[in-house]
Structures are given as structure tokens and as C-alpha cells.
Amino acid sequence: MRISRRAVATAAVLATVLPLSACGGGSGSGSSDASGKVEGKITFQTWNLQANFKDYFNGVIADFEKKYPGTDVKWVDRPGEGYADKISADAAGGTLPDVVNVSPDLVAPLAKAGIALDLDKAASKYRKEYLPGAWQSHQIPGTEGTFAFPWYLNTGPMFYNKRLFKDAGLDPQKPPATYDEVFADGLKLAAKSKGEVATLANVPTIEDFGRYGGQLMNKEGTGFAFNDAKGVELLSHYKELYDAKALDAQALTATPESSGHKFLTESVAMNPGSALDLANFKKQAPSLYKNIGITDQVSSTGKANMYVMGVMVNAQTKQKPAAVAFAHYVTDATRQMEFAKKVAIFPSTAGSLDDPYFTKEDGTDETRVRVAAAKSLKTAVNYTPVLFSEQMKTELRNQIAKALQGKQSPKEALDNAVKACDRLLQQS
């Protein structure tokens, strides 16, 4: 499943439906020992990948079975729609496959219920093979352990319209890199265009609060903290942009698609995206494509945001050695590199991003985006807390909308959002 800017489907259903008694809580079937002969039948579940990558996965499975005689891997693929519900039902019913394709938010409730195997205990020898930030992405605040092998990563650049920057008297060769620079340039763009050109088309998300340098959760993982001074400062700046028409008027209800359309029609100066967007610009908006600028994600921490997929081992599997071996095999450097060349994603294995495929320019925009993204991923962070559910995203968005509309102060909005999110956290 290709990871979008918005990351991946939510696990809110899991958090509210899956009881801790699903498998007794704690450590699942007891031992985390994955030593022993790699043999037996296991089931591997992916997330909406069979339609486009059938040959690839059949090849991976065949190679694994050849490497480990006596193993038999059954592959099942589930559609993106209802994926969280399916995992919840299987986990509660004791029918979850041995090896499962997950995202960090899907892992969190499974780890708390003792269904996800702790790889820090069962497979710590493999940890050094992965980028530190990727390995840490499947750790749960307040819970010891790592609960999935990191698989493929994604991130994207920030696109900007050089013509709009130049028309506003800004240097089109020096796009804003930090939030403070975005806010300053945004006000200039709005003033010069008399409110006709906005700089951004989206309200801040939890990732923005992270990239601005604010604290998102307490260290214990028992409560949210994005209403700190940095968080209030960020939202106050967005309020200034909104009042000056530097934030698009429809940002309160924007979707990635609608924001992309605003950028496409050149009424918004900056928009996040991926290499896949370039072909669309070239086809649908030649004048935009001619003036397209490509820069790093806006960040005041110096670190970009990453989206990550993982491969989890069911703690209840009767074939731990085979399940752990296969989960590692699917996510090792060789397999990840092969997969990354078939789809616009990036490997999470250490050293893979130094491959010429991710470092050498060939003059095309697509390669330029790939090279820039690969460089940023080496130090990138998954800023979205794994415990931040879809319901919580909605609460934050609703409170931010009230602040931008002047119905409450930025401080009141974030205080209310934190209270609502903490309440949802306790309910889960």
C-alpha cells in the first residue's frame, strides 16, 4: 500500500474494540524466544499489495522456502478498506496470521494486548540493520519493546511556485525552510497579491507541531502535550496567516486532493507532495510545471517527517522461529531494495539510501525528488504519535478551526484538544 502524505489508514477501531483479554494481555503466548529450527507453515498478511505486486511477493516467498527447506508460507492480502476492522476481529478471535503488514498506529493496541511480539527480545540481533528512526517508529510510549520490523518508508518534498515568489519580490531560489520563514514569506505573498495568493492550503496537523519543535506527548505515554508554549506559538502564527489570507480560506475543510488542486491552479504558493505529482503537473498544468520549485519539507527541527510501514510477528504464533525469520527476510536490505525499485517508496535498512539509485542525479525531476527525499530520510522522524488515533486528529482539527475563526484563543483551542485526546486515550 503506497503511503500518502496523510500516512495510512487509522487504527481507531482497534483501540476501542480490541480488549486486553484478547490473548490474556501481557506477553501473548508467553515466551519471546525465537531460536530453534526455521520450519513449519506460517501465514503472511499484506495490506492491499497483491493487485500490483503479485509476482514480487511470490518470488520472495519462493526464495525463502528454498533457503529454509521445510517451510511453507501462505500469503493472504486484504483490501485497504476495513483493514483495521479485520485485524481487530482476527486478533480478538485468535485467528490473526503469523506475520502481518502493519503501520505504527495499528501496532499500538496489539502491543498493549500482548499480541505483537517484542522484537527487542526476540530479534534484537537484527536491530542494527535498520535506520534508528525507523526501528523506533514501532515503539509504544509507556511500553517497553519494539513491536514490528520497519519495512518501507516514505516522505515527500515541498513544492513551491517560483513565479509567485518572484512576483511577490521574494527570491525564488531561496524558498522558506523553517516555519518562521514560511510565516514571514506568507505575509509578504498575501500582501503583494492583495489576498489573492495564499502560501498554504492546510491547517497544521500533529506532524506540524512536531516539526515546529513542540512536545507531543509526555514521556510516559499517558497524555498529550502539544498545548505547550511552542504549540500555542505555532497556532498563533497560523491565525495570523489566516487573517491575512495567507492561509487559504478553504483550509478548514481542505483535503490533500483539494489542496493539490489549489496549488495546481496557482492560487496557493506551496504544497507538500511526492515524485508522483510531477507527472500530473506536467500534464495538467504546464505553466506551473515550468515554474515548479522543489525543496525540503518545512521543519524547524532540521528533521523531516517520515511515514513508515512495518511487519509484525504474532506473539501467539506456533512457529516463532519461522515467523521471525520470514518477517526479517521480507524487510532485509536485499528485499527492500528490490521493492523500492518497483514502487515510489524507500527502504528502512541502514546503508540502503546510499545506493546510487538514491544518490545519483540523472537530470530528471523524478530523480531529483527521489534523491532529496532519500537524503532527508536518513535522519527523519515519524512525528505522528503511534497513540494518536483518527478521532484525535478530528478533535485537534475541530479545535484549530475554532481558533482560526476567532471563536477561541489558540491556547484555549489546544487545551481543549489535549483534554479531548487524553480522554480518548484513557478510553482506549
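Axes are lines fitted to C-alpha atoms, for helices over the stretch in contact, and the angles between them run from 0 to 180 degrees between N-to-C directions. In this predicted model, the axis of helix H10, which covers residues 229-243, comes within 9 Å of the axis of helix H18, covering residues 390-404, and the two cross at roughly 55°. That angle makes H10 oblique to H18, and the crossing in which H10 passes H18 is right-handed. At this meeting, Leu235, Tyr238, Lys239, Tyr242 and Asp243 are the residues of H10 that contact Ile400, Ala403 and Leu404 of H18.

Aromatic rings are a second topic, and a search of the whole structure finds 31 aromatic pairs. In one of them, the rings of Trp151 and Tyr152 have centres 5.0 Å apart and planes at 65°, and since planes over 60 degrees apart count as edge-to-face, this pair is edge-to-face. Phe224 and Phe226 form a tilted pair, with 6.1 Å from centre to centre and 55° between the planes. Trp151 and Tyr152 are both buried, and Phe224 and Phe226 are both buried as well. Ring pairs also link residues into a cluster, whose members include Trp151 and Tyr152 together with Phe44, Phe53, Tyr56 and Trp75.

| Charged residue | Ring | Distance from ring centre |
|---|---|---|
| Lys230 | Tyr212 | 4.5 Å |
| Arg370 | Tyr357 | 3.9 Å |

Methods: Residues are numbered from 1 along each chain as its sequence is written. This is a predicted model: local features need pLDDT of at least 70, side-chain atom pairs count only at pLDDT 80 or more; totals for chains, interfaces and linings use all residues. Side-chain values use heavy atoms; hydrogens and water are left out. Rings of Phe, Tyr and Trp (its six-membered ring) pair if their centres lie within 6.5 Å; planes under 30 degrees apart count as stacked, over 60 as edge-to-face and the rest as tilted. Buried means under 20% relative accessible area, exposed over 50%, partly exposed in between (1.4 Å probe, protein chains only). A charge sits over a ring if NZ of Lys or CZ of Arg is within 6 Å of the ring centre and within 35 degrees of the ring normal. Helices (H or I, at least four residues) and strands (E, at least two) are DSSP runs, numbered from the N terminus. Angles under 35 degrees count as roughly parallel, over 145 as roughly antiparallel, 65 to 115 as roughly perpendicular and the rest as oblique. A crossing is left-handed if the near helix is turned anticlockwise from the far one by less than a right angle, and right-handed if clockwise. Contact means heavy atoms within 4.5 Å.
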